[in-house]
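Please walk through this structure with the sequence at hand.

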Amino acid sequence: MPDIKAILSEEIRRLAKKEVKLAVTPLAKTIVEQRKTISELKKRISALENRKTTATAAAGSNEVQPADETKKLRLNAAGIIRVRTKLKLTQSDFAKLLNVSTHTVSMWELGKNSPRKDARAAICALRTIGKRDLKKRLAELTPAAE
């Protein structure tokens with residue numbers, strides 16, 4: 001004779017599992033949809049932030065980025081040289097744009113010193129600026145320096 005207690009407990013487990021599955025399935029679908037929505041929103045936010053930083057760089061603004069964004073910048077001597085040569089600037093012109101001395105730029109490029117937060121943000125802004133805007137900014141800064 002079969003054990004009635006084991007049969008009943010097994011049937012209760014099976015029915016409970018079925019009820020839980022019916023209750024959880026719609027929630028799982030909702031969770032997947034919400035994760036997709038969150039991912040899309042994050043992408044939109046990052047695109048808007050990139051557009052904002054590009055717009056401020058093009059406008060000639062030397063505003064300092066928040067500290068958490070400047071920490072993300074990985075800037076070494078070779079990177080500074082690469083930015084400067086890509087923009088076809090001399091060390092003195094690069095220094096004028098960053099409002100630092102030529103010696104400071106030289107020390108950065110030799111790897112003996114590293115730029116401070118505000119200079120890092122300015123270098124990052126120079127990465128996105130166009131050559132025409134760069135020439136305009138240099139023309140504005142050169143008469144003021146003489």
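L8 is exposed because its relative accessible area is 51%, and exposed means over 50%, buried under 20% and partly exposed in between, with a 1.4 Å probe and protein chains only. L8 lies in helix α1, residues 4-58; helices here are DSSP runs of H or I with at least four residues, strands are runs of E with at least two, and numbering starts at the N terminus. Together with I4 and I12, L8 makes a nonpolar surface patch of about 320 Å². Such patches take residues with over 30% relative accessible area and no salt bridge, joining nonpolar side chains (Val, Leu, Ile, Met, Phe, Trp, Tyr) within 5 Å and like charges within 9 Å. A salt bridge puts a side-chain nitrogen of Lys or Arg within 4 Å of a carboxyl oxygen of Asp or Glu.

The model is predicted: local features need pLDDT of at least 70, side-chain atom pairs count only at pLDDT 80 or more, and totals for chains, interfaces and linings use all residues. Residues are numbered from 1 along each chain as its sequence is written, and side-chain values use heavy atoms, without hydrogens and water.

R84, in helix α3 (residues 77-86), is buried, since its relative accessible area is 13%. Beyond its neighbours within four places in sequence, R84 is in contact (heavy atoms within 4.5 Å) with L89, T90, Q91, F94 and E109.

The chain as a whole has 7 helices and 0 strands. Of its 146 residues, 23% count as buried. Among contacts between residues at least 6 apart in sequence, 66% join residues at least 24 apart.

Notes
Areas by Shrake-Rupley, 256 points an atom, 1.4 Å probe, with all protein chains shown as cover.
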